[in-house]
Amino acid sequence: FLEQYEQLRQRLASQPNPTNLALILARRSKTQVLSERYGGLDATKIMQMLDESKKPYLPFDAILEFLQNAPGKVVLVDNTSDLDLAKNYPAVLSKGISVVTPNKKAFSDDIKLWDSIFEAAAKGGSHVFHESTVGAGLPVISTLTELIETGDEVVRIEGVFSGTMSFLFNSFMPVGAEGGKFSAEVKKAKDLGYTEPDPRDDLNGLDVARKLTILARIAGLKVESPTAFPVQSLIPQALESCSSGDEFMQKLPEHDDEMEKLKSDAIKKRKVLRFVGSIDVKSNSVKVGLEQFDASHPIAALKGSDNIINFYTKRYGANPLIVQGAGAGGEVTAMGVTGDLIKVIRLLR
Ligand SMILES: NC(=O)C1=CN([C@@H]2O[C@H](COP(=O)(O)OP(=O)(O)OC[C@H]3O[C@@H](n4cnc5c(N)ncnc54)[C@H](OP(=O)(O)O)[C@@H]3O)[C@@H](O)[C@H]2O)C=CC1
Ligand SMILES: N[C@@H](CC=O)C(=O)O
Ligand code: NA
């Protein structure tokens, strides 16, 4: 994101009618750097500055005050998956500070948080964009919003919503090839930056459940929380009590035979396994889990970390509007965040 931010800053500064972006705060989980007198920090040196920072870590209230006192229009970019930070969005937005984020927690937790976020934005005259919360940089949220705002009726949304799950099953059970061990593929997905900070959040189905909660809410369904509908977990029962993601990753290879069993059951029926989700607007039902597909099905043919999202609507009829492509990874996620930042800047200009 920092790379894309710096390119954007330079591009906006060199336009005939320039906009000046200044990075005034950068924060990790234990260190932060604040720009003295709001002059702007050098984005290319931020990671080093954060590593070297010895200043005390400020509580969020102090950060909010710092942002509120900034001379220009302020945007908070939250690139964490921290629910506690997300719970501060209503306070941030009500102060007129806009929010751009790939953090699913805010929009998929208790529906009261969702309501208070959008009420606060309306009250504060601020903006909130979260394209990367579903399908990373793929235009999923913007497409759904536009379908609805132009008067289409969404009937059903279905597909593969997780880059991690897509990668895992495309490589554990590829069409016409052997495939690797499940635990080894989980490790690869983590190393490639596809998983959540804790890969259990992907394997327990909750990451997909969060994405479907967000889409269902945009489509007008009152989904109370991401655990309010059936979600299949792939966490082996014996590992449910692991105290950390590291312990879980260490012990996962001991349970490869459980996934091998599901694989051989599907092979016997000449099918492949894929982890999918669906929202049926009419019947108000959402579900997430493993399903078996024929090798010729478009979902079986996905590659790498690709997501596929099929929007069935009244306007598009029997042939859905389809969004497909890489649904995880640092660069494509940052693209969604930077794209949202550009949208906010246009609205604030
Ligand atoms: N990776 C992907 O493909 C995609 C990710 N996303 C979302 O993007 C977000 C980030 O994911 P990803 O980059 O992979 O995760 P990482 O674990 O790589 O990065 C998370 C960062 O958040 C920082 N952090 C955690 N808590 C706080 C806090 N309270 N205040 C400030 N910083 C904090 C961590 O700092 P430190 O290192 O110091 O602990 C870390 O640098 C998540 O919400 C994820 O769901 C969305 C779409 C795709
Ligand atoms: N862990 C997620 C990241 C993007 O939302 C995924 O694998 O899809
Ligand atoms: Na997206």
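Residues are numbered from 1 along each chain as its sequence is written, while chains are lettered from A and ligands numbered from 1 in the order of writing. In this predicted model, local features need pLDDT of at least 70, side-chain atom pairs count only at pLDDT 80 or more, and totals for chains, interfaces and linings use all residues, with side-chain values based on heavy atoms and with hydrogens and water left out.

An open sheet contains three strands in the order 3-4-5, with parallel pairing. Strand 3 (75-77) and strand 5 (128-129) are at its edges, each with a single partner strand, so one side of each has no neighbour in the sheet. Strands here are DSSP runs of E with at least two residues, helices are runs of H or I with at least four, and both are numbered from the N terminus. Two strands pair if DSSP finds at least two bridges between them. Strand 3 and strand 4 (residues 98-100) are joined by three bridges. One of the facing pairs is Val75 with Ser98 in strand 4.

Strand 9 (residues 306-313) has antiparallel pairings. Six bridges connect strand 6 (residues 154-160) with strand 9, and the two run antiparallel. Val160 is opposite Ile308 in strand 9. Strand 9 is also joined to strand 10 (residues 321-326) by six bridges, again antiparallel. There, Phe311 is opposite Leu321. Seven of the eight residues of strand 9 are buried. Buried means under 20% relative accessible area, exposed over 50%, and partly exposed in between (1.4 Å probe, protein chains only).

Polar contacts to ligand 1 are pairs of N or O atoms within 3.5 Å. A polar side-chain atom of Asp82 lies 2.7 Å from a nitrogen atom of the ligand. The side chain of Lys104 has an N or O atom 3.2 Å from an oxygen atom of ligand 1. For the side chain of Glu196, the distance to a ligand oxygen is 2.6 Å. Taken alone, ligand 1 exposes 910 Å², and the protein buries 70% of that. Accessible areas come from the Shrake-Rupley method with a 1.4 Å probe.

The sodium ion (ligand 3) is coordinated by Glu131 (O), Glu131 (OE), Val134 (O), Ala136 (O) and Leu138 (O), at 2.3 to 2.5 Å. Donors are N, O and S atoms within 2.8 Å of the metal (3.2 Å for Na, K and Ca); water is not among the atoms, so sites may look incomplete. Along the chain, the donors follow the spacing E-x2-V-x1-A-x1-L. Glu131 is buried, at 6% relative accessible area. Leu138 is also buried, at 12%.

Asn170 belongs to helix 9 (residues 163-172). Asn170 counts as buried, with 11% relative accessibility. A polar atom of its side chain lies 3.4 Å from the backbone oxygen of Leu302. Asp42 is in the loop between strand 2 (32-34) and helix 2 (46-52). Asp42 is partly exposed, at 33% relative accessible area.

Methods:
A polar contact is a pair of N or O atoms within 3.5 Å; within protein, one must be able to donate a hydrogen and the other to accept it, and residues adjacent in sequence count only if both atoms are side-chain atoms.
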